[in-house]
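Thanks, everyone. Please have a look at the model first.

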Amino acid sequence: MIRVAVVDDEALVRSGLRLILGTAPDIDVVAECSGASAVATVLGSKADVVLLDIRMPDADGLTVLRQLRAAPRSPAVAMLTTFDVQEYLAAALRAGAAGFLLKDTDPEQLVRAVRTLAEGGSVLDPAVTRAVIGGYLAAEAEATAAEAVEALTPREREVLALLGEGLANPQIAERMGLAPSTVKDHVRAVLGKLGGLNRVQAAIVADRAGLVTSRPPIGGAR
């Protein structure tokens, strides 16, 4: 069972997400709260996945993200966002966010995204992908992505392309016909060569470098 915590200052948003996720037999919303009590509530619930509002009046979503990521048993955290918070996206990436979802994400896509997060994958809502890419790379040199990819082997570039689709290691292993342990080693090597990026940052580099020719629905291929 995937344990999920929802953090948002609006009770209506929290109840809506709980209702949607409650339709999935393998997902259990174990906690919901506003930002003020987020860290204690989430860690106390032992959630596997957290859906966290990126901007809340009673707490800084980025600060909550950093505190959750610093915890000994850190959950996967996807930021809940709207179109007017582009200035927060790069900071969330650097703080370890596993993805970005719009608050009005389609119910089926939301369920799929939570499952992907639980498996260790990343999620980028197609509607905000360009904003995420632009916001992250605006502070980076234009040639960074291409130069980093050039240092990868052909197999590593293939792995990076699949990371760009948001796939988790088991999905990459199935797609490439490799053992999960082999894929894990390849992913570790790719992230290391890219400068110690996380999976979402690597996915953005893959997109920027032109390795992602098509993007599946949120949560990757199932």
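Start with helix α9, residues 169-176, and helix α10, residues 180-193: their axes come within 9 Å and cross at roughly 110 degrees. That makes α9 roughly perpendicular to α10, a label covering 65 to 115 degrees. Axes here are lines fitted to C-alpha atoms, for helices over the stretch in contact, with angles from 0 to 180 degrees between N-to-C directions. Helices are DSSP runs of H or I, at least four residues, and strands are runs of E, at least two, numbered from the N terminus.

This is a predicted model, where local features need pLDDT of at least 70 and side-chain atom pairs pLDDT 80 or more, while totals for chains, interfaces and linings use all residues. Residues are numbered from 1 along each chain as its sequence is written, and side-chain values use heavy atoms, without hydrogens and water.

On the α9 side, N169, I172 and A173 meet P180, V183, K184 and V187 of α10, contact meaning heavy atoms within 4.5 Å.

Next, helix α8, residues 154-164, packs with α11 at about 105 degrees, the axes 7 Å apart. So these two, α8 and α11, are also roughly perpendicular to each other. From α8, L160, L163 and G164 meet R199, A202, A203 and A206 in α11.

Now, which residues lie nearest the centre of the largest pocket? They are R69, A76, A98, G120 and G121, out of 15 lining residues. Elements giving two or more residues to that lining are β4 (76-81), α5 (107-118) and α11 (199-208). Domain 1 (1-133) and domain 2 (140-207) each supply at least three lining residues; the bounds come from an automatic or database domain assignment.

Notes
Parallel < 35°, antiparallel > 145°, perpendicular 65-115°, else oblique. 1 Å grid on protein atoms, 1.4 Å probe; cavity = no way out; pocket = protein on both sides within 12 Å on 5 of 7 lines; lining within 4 Å.
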